[in-house]
Amino acid sequence: MRATILYGPRDVRSEEVEDPRILKPTDAIIRLSATCVCGSDLWPYRGADAIDQPRPMGHEYCGIVEEVGREVKTVKPGQFVIGSFATSDNTCPHCEYGYQSSCVQREFMTGAQATLLRVPLADGTLVPSAEMPSAELIPSLLTLSDVMGTGWFAADAARVRPGSTVAVVGDGAVGLLGVLSAKLMGAERIIAMSRHETRQRLAREFGCTDIVVERGDAGVERIKELTKGIGADSVLECVGNQESMLQAIRSARPGGFVGFVGVPHGVKLGGAELFASHVHLHGGPAPVRRYLPELIDLVWSGKIHPGKVFDLTLPLDRVAEGYRAMDERQAIKALLRP
Ligand SMILES: [Zn+2]
């Protein structure tokens with residue numbers, strides 16, 4: 001089958017590799033209907049994460065079950081399924097509390113930018129749809145595997161409520177879908193921080209009411225101006241660097257909430273500033289599995305179209321072009337057709 005392997009900074013290749021096999025009785029093998037490149041794939045692609053050996057890439061997936069291990073009960077060959085980027089048994093205490101991405105049996109998925117994928121803990125990780133989706137639904141369903149679920153978690157963790165004023169730091173796919181999530185949760189005002197015209201347009205389409213192009217402390221100043229000096233009720237941090245994290249914390253009002261979902265790289269927070277801020281922080285790898293049934297319904301019923309974040313579609317073997325376009329910010333997100 002075709003797979004995507006990262007060899008080193010900016011060296012990603014599409015290669016022929018052996019098909020995956022069932023390794024544990026709780027595994028499933030799925031044939032991907034579509035997969036994609038994630039903003040978080042750009043960290044190792046840019047060399048920000050060290051790679052000691054060639055790494056199979058990809059953790060966003062949906063597709064049709066080919067084969068299941070003998071202990072798999074709820075997932076059957078022929079079903080269309082979506083799963084989280086983090087596997088879960090969906091039965092341990094952390095799963096019961098809704099934190100499936102901290103499941104005691106969690107593994108982070110990898111190798112999904114491929115034709116076939118082995119999914120561990122299939123019963124707890126995969127959610128089958130009631131019917132076979134139409135081709136038009138596939139991109140939106142694919143986003144539920146990570147970016148839409150992550151944007152939703154950012155908004156949920158930041159306690160977006162009807163009438164809330166929300167600021168979103170980051171205009172990648174997660175930030176944009178954070179805007180969409182905040183809108184669905186009833187936010188009255190949604191301020192997107194973006195200096196990129198295509199992304200601003202999509203943010204507006206998803207429900208943002210104001211755009212702030214300034215960054216860092218100047219960005220914080222603008223948020224304060226727009227909120228009569230108070231700050232936002234909820235801030236969604238969707239980048240993961242020092243500047244974006246401080247921008248998020250400083251944009252929230254005292255007593256406000258920051259949902260942080262950007263994978264932190266070099267973020268250091270000072271105790272004194274946190275103490276003085278009176279801000280609630282809640283974030284981490286999104287428990288996408290918790291939200292999947294609800295989000296599948298929202299896509300299926302046509303209430304949301306998160307697949308709009310894909311502005312580039314490529315055949316799987318041209319995956320390197322997708323990485324390059326996203327790295328150069330020429331594409332928001334690249335969809336790959338196996
Ligand atoms: Zn669990």
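**Figure 1. Contact between helices α5 and α6 in the predicted model.** From α5, the residues Val147, Met148, Thr150, Gly151, Trp152, Ala154 and Ala155 meet Ala173, Val174, Leu177, Gly178, Leu180, Ser181 and Ala182 of α6. Sorted by class, this contact has 10 nonpolar and four polar residues, with no charged residues. The two axes come within 7 Å and cross at roughly 55 degrees, which makes α5 oblique to α6. The crossing in which α5 passes α6 is right-handed. Helix α6 spans residues 173-184.

Figure 2. Alanine 158 counts as buried because 35 other C-beta atoms lie within 10 Å, where 20 or more are required. When neighbours within four places in sequence are left aside, its contacts are Ser234, Val235, Leu236, Phe257, Val258 and Gly259. Serine 301 is 143 residues from alanine 158 in sequence, and the C-alpha atoms of the two are 26 Å apart in space.

**Figure 3. Packing of helix α8 on helix α9.** Helix α8 comprises residues 216-226 and helix α9 residues 242-251. Their axes are 9 Å apart and meet at an angle of about 25 degrees. Angles under 35 degrees count as roughly parallel, so α8 and α9 are roughly parallel to each other. The crossing of α8 past α9 is right-handed. On the α8 side the contact is formed by Gly216, Gly219, Val220 and Ile223, and on the α9 side by Glu243, Gln247, Arg250 and Ser251. By class, two nonpolar, four polar and two charged residues take part in the contact of α8 with α9.

**Figure 4. Buried and exposed sides of helix α8.** Gly219, Val220, Arg222 and Ile223 are the buried residues of α8. These residues lie on the same side of α8, because they cover an arc of only 160 degrees around the axis. An α-helix has 3.6 residues a turn, so residues three or four places apart point the same way. Asp217, Ala218 and Glu225 are exposed on the other side of α8. The buried residues of α8 pack against the strands β9 (165-169), β10 (189-193), β11 (210-212) and β12 (232-237), and also against α9. Lysine 228, which follows α8, has a positive phi near 55 degrees.

Figure 5. The buried residues are Ser244, Met245, Leu246, Gln247, Ala248, Ile249, Arg250 and Ser251. Elements that cover them include β9, α8, β12, β13 (252-260) and α10 (271-277).

**Figure 6. Leucine 121 and arginine 329, two loop residues with positive phi.** Most residues other than glycine have a negative phi. Leucine 121, in the loop between β7 (116-119) and α3 (122-125), has a positive phi near 50 degrees. Leucine 121 is buried because 24 other C-beta atoms lie within 10 Å. Arginine 329, which is not a glycine either, has a positive phi of about 60 degrees. Its loop runs between α12 (319-327) and β16 (334-337). With 13 C-beta neighbours inside 10 Å, arginine 329 counts as partly exposed.

How values were computed:
Residues numbered from 1 in each chain as written. Predicted model: local features only at pLDDT ≥ 70, side-chain atom pairs only at ≥ 80, totals over all residues. Axes fitted to C-alpha atoms, helices over the stretch in contact; angles between N-to-C directions. Helix = DSSP H or I, 4+ residues; strand = E, 2+ residues; numbered from the N terminus. Parallel < 35°, antiparallel > 145°, perpendicular 65-115°, else oblique. Left-handed = near helix turned anticlockwise from the far one by under 90°. Contact = placed C-beta atoms within 7 Å. Nonpolar A, V, L, I, M, F, W, Y, C, P; charged D, E, K, R; others polar. Buried ≥ 20, exposed ≤ 12 C-beta atoms within 10 Å, placed from the backbone. Arc of directions from axis to C-beta.
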